[in-house]
Every structure is written in structure tokens, then in C-alpha cells.
Amino acid sequence: MNRLRTLACLTAAAFAAQAQASGYHFGTQSVTAQGTANAAAAEAADSATIFYNPAGLAKLDSSEITAAVNIVAPHIAYADAEAQYLRGGRVAGETSGKITKDIVPAPHLYGAYKLNGNWTLGLGVYVPFASSTEYGKSSVLRHHLNKLGLTTIAIEPVAAYKISPRHAAAAGLIAQYSTAELRKYADWNASGRLGAHSGLSDGHAEVKGKDWGFGYQIGWLWDVNERVRLGANYRSKISHNIRGTADWQPDGAAVATPLPQLGGQSAYQALIGGSFGYKPHEKAHVRITTPESLSVHGMYKAGAKTSLFADLTWTRHSRFNRAELVFENSKAAVAARSDRTVITPNWRNTYKIALGGAYQYSGPLQLRAGIAFDQSPVRGAQSRLNTLPDGNRIWYSAGVKYTRGKRHVFDLAYSHIHINDARFEGAPATGYDVDSKGRAAASFKNHADILGVQYTYKFR
């Protein structure tokens, strides 16, 4: 019994908080920008420019407020899944299924206030990334991860200054609040002391965690001439110390059923009452750093009715090559006692390139379209998380903007996101840290659709 294992229950929170370029990142915080596959960062069309380049606030001609919602329909389905217990033997259960919700909404709100001819103040409240994946409780992949939910809300006050008629700069402070919940199963018979596997010694933890993180953003725009505008935007890294609590529950009969040899206790009761190092309720935390990103973009007025856009964004995902999940109590693992799990995702730096355009079809109606390539930070099957089966993606976007009078602007956009098929090949636990998973593998087919609706009111 002194070899019974526990699990790395906050591992997914560490990974999910890093998924800002692809993965669970919604990828769009403005419906106006979405219509061009987010190529139009240099346009400064409305107060949502706070997210893409806050210097664009200085280009607005009035105070305004913008409200938007992106409705995301993600589709992540796995098939041909297989898994083994740490000591050998095949894990039985579901081998295929869909692991995403049908609809996930993401609201955003922005405001701009023209203080005077040079200074503009702004405030953005937006969702950088939020989604959830959940396997059936009997999935063969349950010992790796069974459920993940993540929501992040950012609050950003901004000040923009018009340096000259052609140059503008801005800076913003970012306060980012993240909440995460997850479920992961443990094979409490990783030592082989309880006899057969077959899920009889399974238990699981329900985990919730939260944290505030703080960073900054700076932007610059340059009107080269009447037709060309260039810009750059930098978003800083944000450090998090995600703290959570884990509630443990037995599932298999071998750990939930009272046993005479244990004085009428279940194996689970003996486990939590002994020196094995964990309780039904305990704390855990992990320190991570979300990566910085740099974007360069441009706009070209090809004619009286046509504008072309381009954006190139680089994200330093390689910051996340190691993290340590630390538990409140030291535990008896298979080969040693440990209070932590070491995570080595080995992510790479990524880039996203987007091209788009806008055509003024009539006085009030504008047509928009764009395409983008968004690189995944995941290097391959061996470093892929089963709840983040991400791959390189291509965005196809189209939208319309309708202006009514001088005060009201309506935007509608649709995007289809093609995501490359992905393969997950999970390695077994080492035996020297807190985890009990065996080898596992699965194939994934993914795509997503996003519908965006936005309204802007101008205080003229």
C-alpha cells in the first residue's frame, strides 16, 4: 500500500494558461478585425483597437464604446485511443468521442474617451482565451486528463498620445484573472499491491484554481503617407502563481469497498489516514509565465473604396519548457517520495501571418475578408496534451460593416478555422514524481467556426 500513487492534478492548468496563440485562445477579440482574419491591426477602426494596437485610439475621431460577442463552435473529436496502466495491462473504456461543447461565447467591451486633441484614454475588458474539453469518465485516456475548463478575463486601461499628425504611441496595463477547473483519474494501484487493474483501483480529483496576473502593452502607429500606415505592438509576459484545491474521490471497487484485512476500512480510507501524503482535500500550486508577443502590421489604401491589411505576430512560447507543480503534502510515489510533478512540454516559438482587405460597397456598407496561417506551439505527438490536441491552423474569414448615420456602426463576421489532424502519444510516468499514468495514444480531428456580432456607438 505504501506504493499507491496520486496524480499531477493541476498540470493542465499550467498548459492551458500558456495557450495564447493557438490552442484554447479564441484568436479574435474584435468582430471588425475578425472579418479580415485579424489582419487589420493597423486600421484603428474602433475602440477595439485597444487589444490589437492601443496607439490606434489616437486615430479615432470621437469618443465611443464598442460591445462585441464571438460565438465559437469548436469541434475536437478523438478516435483509435489506447492506453496502458503504468505496470502494464490495457486500460478498458471509451476509445472515441467528441470532447468539446457545442457553443462557447466570448464577450468583449471597449471604450475610448477623447481627452483632448492629443490624448485619448481607453478601457478594454475582453476574453483572451476560454474554452473547455471533457472526456467521458470511462475514456481510456482518463489517467492523463479527463476534463479541463478555463476562463480568462483581462482588464486593460490605456493611454494613447498623438505625437504628431503622422505618429501615435500608447501604453496599457493588463490585469488578467484566470479560473481553471479539471478532472484527472489516478491508478491507485500503480504499485501492483491490489491485484488486477481493470479500473478497480481508480480514483479521481476535481480541482479548481485561480490567479491574478499583471503585465503591459505598448503600441505605435506611423502614417507614412496618405495611403500607407505601419504599426507595431508588444504584449508583455504575465507571471502567474495558480493556486488550487483538489478534492479526491474513490471510484473503483478495490479502493471504495471495505476490506476485512484493513479493519473494515476501504483502501481509500487507509490511504488518506496513513502516511501516504495526501488528504481528501489539499492544496497545490504551479508557477508559470505566459509568453510575450510582438506584432508588426500595415494598411494600404489601394483606392478610394479599397484597403488592404497585413499582420505578422511572433509569440515566445518557448518560455514554457518546464514547470513544477507543487503539492501541499509529500507523497509516496512508485520509486520515491515527492511533493511535485515536473512538466516539460518543450513548446516552440510561433508566428501568425494574416492578410485581409475591405471594400466600401456603398456609403453605409463595407465588405471585408481575410485569410491567416496560425502556427501551433506543439512540436509533435510526444509533447501534445490530450486536452490540447492542437495543430497548425488556417483561418478563412468574411464580414460586413454597416454604418447608420454618424453614431451607429454594426459588424457581423464569420470565420472557419481549419486545424490539421493531430496525434497524441503520451509517455508513462517516471515513477519519481507524483503521477500514475501509463503510455497512451489517440488521433484527433479538429475544426472550429466563429460567428461575431458587434455594435459601436460614437459620441459625436
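Student: Where does Ala44 lie, and what makes a stretch of chain a helix or a strand?

Tutor: Ala44 lies in the loop between H2 and H3. A helix is a DSSP run of H or I with at least four residues, a strand is a run of E with at least two, and both are numbered from the N terminus; the protein chain has five helices and 20 strands. This is a predicted model, in which local features need pLDDT of at least 70 and side-chain atom pairs count only at pLDDT 80 or more, while totals for chains, interfaces and linings use all residues. Residues are numbered from 1 along each chain as its sequence is written, and side-chain values use heavy atoms, with hydrogens and water left out.

Student: Why is Ala44 called buried?

Tutor: Buried means under 20% relative accessible area, exposed means over 50%, and partly exposed is in between (1.4 Å probe, protein chains only). Ala44 has 9% relative accessibility, and therefore it counts as buried. By the same rule, 55% of the 460 residues of the protein chain are buried.

Student: What is the phi of Ala44, and what is the phi of Asp80?

Tutor: Most residues other than glycine have a negative phi. Ala44 is not a glycine, yet its phi is positive, at about 55 degrees, and Asp80, also a residue other than glycine, has a positive phi near 55 degrees. Asp80 is placed in strand S1 (residues 63-83), and because its relative accessible area is 60%, Asp80 is exposed.

Student: What makes Asn38 a buried residue, and which side chain does it join in a polar contact?

Tutor: The relative accessible area of Asn38 is 5%, and so Asn38 is buried; its place is the loop between helix H2 (31-34) and H3. A polar contact is a pair of N or O atoms within 3.5 Å, where within protein one must be able to donate a hydrogen and the other to accept it, and residues adjacent in sequence count only if both atoms are side-chain atoms. The side chains of Asn38 and Tyr52 are joined by such a contact of 2.9 Å.

Student: How do you know which residues Leu57 is in contact with?

Tutor: Contact means heavy atoms within 4.5 Å. Leaving aside neighbours within four places in sequence, the contacts of Leu57 include Ile50, Ala112, Leu121 and Val158. Leu57 is also among the residues with the most contacts inside the largest nonpolar core, which has 36 residues. Such a core is a set of buried Ala, Val, Leu, Ile, Met, Phe, Trp, Tyr and Cys residues joined through side-chain atoms within 4.5 Å. A second, separate core of 15 residues includes Ala83 and Tyr135.

Student: What makes a space a pocket, and how much space lies in the largest pocket?

Tutor: On a 1 Å grid over the protein atoms alone, a cavity is a set of points where a 1.4 Å probe fits but cannot get out, whereas a pocket is an open set with protein on both sides within 12 Å along at least five of seven lines, and lining residues have an atom within 4 Å of a point. About 720 Å³ of space lies in the largest pocket, whose lining has 29 residues, with Ala44 and Lys301 among those nearest its centre. Strand S13 (306-315) is one of the elements that give two or more residues to this lining, and its three residues are the largest share.

How values were computed. Grid points are joined across faces, edges and corners, and a volume is the space filled by probe spheres set on the points.
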